[in-house]
Amino acid sequence: MAELKPTAPLNGAYYGPPIPPYATPRRHSCCSGLLSTLLKLIVTIVIVLGIAALVIWLIFRPNKIKVYVEDATLTQFNLTNSNNNMLLYNLSLNVSVRNPNKKIGIYYDYIESLAIYDDSRFGFQILPTFYQGHKNTTMLSPVFASQNILLGDAPATYAREKTEGFYNIEVKFYTIVRLKAGIFKTHHIKPKFDCNVRLPAPSASSVKPPPFQRVKCDVDY
């Protein structure tokens, strides 16, 4: 009997088990998931901190600082035209700073005072720092005095106000403070106090000037 030989598949066809399709590997799936998780974490932290800040504000309800010029004295204010508008002056003030809050203390880490006449600065003083407790009032007492300050373009205003018998002087305070509520302290904030006083011209006569009227200062954050 003749030996049977295996026959080759017709036309190269394959009749074995099916071959699974080729899958492209996902190289960035891990990184994408990590980035998504990180973004969700950051958003959650921001929301939690915002809610915590709102709750703290609702509990403590901070009130604006109250500032008044209680007294001011101008004993010298002379403009000498012969020396290129040099100003001779002596100005002292007592300024009350009130913390009206029941549960918030204030650290005054920096206090700078400026004296200004007709938009020209003529006095500057850095005042001592301090901590102000709840419902507390602190007095600031800047003194401005000099013999050689160039006033600038103020002769016309000076001449008019000298005739009127009063000088309009602006005193500004630039501060850097931190608020303390319980164990929490805020970052630095920078309130500004703006005080406008109208002071009688110094006189050599024995007549007493009118009593100073208390002046409320503007407080801006």
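The disulfide between C195 and C217 is right-handed, with 110° about the S-S bond. C195 sits in strand β10 (residues 192–200), while C217 is in the loop between β11 (215–216) and β12 (218–220), so the pair links distant parts of the chain, 22 residues apart. Keep in mind that this is a predicted model.

**The disulfide**
- The structure holds one disulfide, and in it the sulfur atoms of C195 and C217 are 2.1 Å apart.
- Are the two cysteines buried or exposed? Both C195 and C217 are buried.

- β10 has a covered face made of F193, C195, V197 and L199. Its uncovered face holds K192, D194, N196, R198 and P200.
- Strand β8 (residues 166–181) runs antiparallel to β10, and nine bridges join the two. One place to look is Y174, whose bridge partner in β10 is K192.
- β10 also pairs with β12, again in the antiparallel sense, over three bridges. F193, from the covered face of β10, has V219 in β12 as its bridge partner.

**The β3–β4 hairpin**
- Strand β3 (residues 105–117) and strand β4 (residues 120–127) run antiparallel, with seven bridges joining them.
- I116 stands opposite R121 in β4.
- What separates the two strands of the hairpin? There are two residues between β3 and β4, and D118 in that turn has a positive phi of about 50°.

**Aromatic pairs**
- The count of aromatic pairs comes to 10.
- Take F77 and Y117: their ring centres are 5.2 Å apart and their planes stand at 80°, so this pair is edge-to-face. F77 lies in strand β1 (residues 66–80) and Y117 in strand β3, so the contact ties together parts that are 40 residues apart in sequence.
- F77 is buried, with a relative accessible area of 1%, and Y117 is buried too, with a relative accessible area of 0%.
- Y108 and F130 make a stacked pair, 4.5 Å centre to centre with 20° between the planes. Y108 lies in strand β3 and F130 in strand β5 (residues 130–132), so this pair ties together parts that are 22 residues apart in sequence.
- Both Y108 and F130 are buried.
- F77 and Y117 turn up again in one aromatic cluster, along with Y89, F122, Y158 and Y167.

**Charges over rings**
- Where does the charged end of R178 sit? You'll find it over the ring of Y107, 4.7 Å from the ring's centre.
- R214 does something of the kind with Y68, lying over the face of Y68 at 3.7 Å from the ring centre.

**The largest pocket**
- About 370 Å³ of space lies in the largest pocket.
- Its lining comes from 20 residues, and those nearest the pocket centre are L199, P200, A201, P209 and P210.
- Which elements give two or more residues to the lining? They are β1 and β10, and β1 gives the most, with four residues.

Key. Residues numbered from 1 in each chain as written. Predicted model: local features only at pLDDT ≥ 70, side-chain atom pairs only at ≥ 80, totals over all residues. Heavy atoms only, no water. Pairing = 2+ DSSP bridges. Disulfide = S-S within 2.5 Å. Buried < 20%, exposed > 50% of the residue type's maximum accessible area, 1.4 Å probe, protein only. Phe/Tyr/Trp six-rings, centres within 6.5 Å; stacked < 30°, edge-to-face > 60°. Lys NZ or Arg CZ within 6 Å of the ring centre and 35° of its normal. 1 Å grid on protein atoms, 1.4 Å probe; cavity = no way out; pocket = protein on both sides within 12 Å on 5 of 7 lines; lining within 4 Å. Points joined across faces, edges and corners; volume = space filled by probe spheres on them.
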